[in-house]
Amino acid sequence: MEVKMADLPGIGKKMSFLTAEGSMVVLVTHHTGKRELYFFQDPDEDEADFSMELTSDETRELGAQLLGAVFQPVDSDKMKLFKSKIVVEWISLKEGTTFAGKTIGEAEVRKKTGVSIVGIFRNDEVIASPGVKETLQVGDTVMVVGKNSQISDFEELAEGEAD
């Protein structure tokens, strides 16, 4: 990122940020404390695509959020490792599945396969984060999370191919 600073006599300071994507953000800080933020998709244009005024408090809050005061994104290298090890899959429960008519707890899904059921799609209903007392039915499409081998084990049971 390229950053340029300039004095604006009688007004304050101008800070320009040229992003890696080629757009530009300009922050004008007035001596009065007022801030003006401008966004240019094309830095060669004279007119900003977007602009807004911020108070000192709003600027500090925005800065804190940009620095990660409340939320820190996951490191991309850790996320790649996580994505290579954990799979999310949607699997339909077929006729003959050992899970039909049982609650998630009774079916011992995690004990038998290692996967976690994180959602159920039934008719037009979505059951997010179902509890262990939720009864599974033939025709349900379940969202499961686990390793590839665990997903395969669950899929066999969901299709009635194994016990």
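Student: In what order do the elements of the protein chain run from the N terminus on?

Tutor: This is a predicted model, in which local features need pLDDT of at least 70, side-chain atom pairs count only at pLDDT 80 or more, and totals for chains, interfaces and linings use all residues. Residues are numbered from 1 along each chain as its sequence is written, and side-chain values use heavy atoms, leaving out hydrogens and water. Helices (H or I, at least four residues) and strands (E, at least two) are DSSP runs, numbered from the N terminus. The chain has five helices and nine strands, and the order is β-β-β-β-β-α-α-β-α-α-β-β-β-α.

Student: Which residue forms a salt bridge with Glu-134?

Tutor: A salt bridge places a side-chain nitrogen of Lys or Arg within 4 Å of a carboxyl oxygen of Asp or Glu. Here the closest N and O atoms are 3.3 Å apart. Glu-134 lies in the loop between strand E8 (125–128) and strand E9 (141–146), and its partner lies in strand E7 (residues 116–122). That partner is Arg-122.

Student: Are Asp-140 and Arg-122 buried or exposed?

Tutor: Their side chains meet in a salt bridge (2.8 Å, N to O). Asp-140 lies in the loop between E8 and E9 and Arg-122 in strand E7, so the pair ties together parts 18 residues apart in sequence. Buried means under 20% relative accessible area, exposed over 50%, and partly exposed in between (1.4 Å probe, protein chains only). Arg-122 has a relative accessible area of 10%, and both residues are buried.
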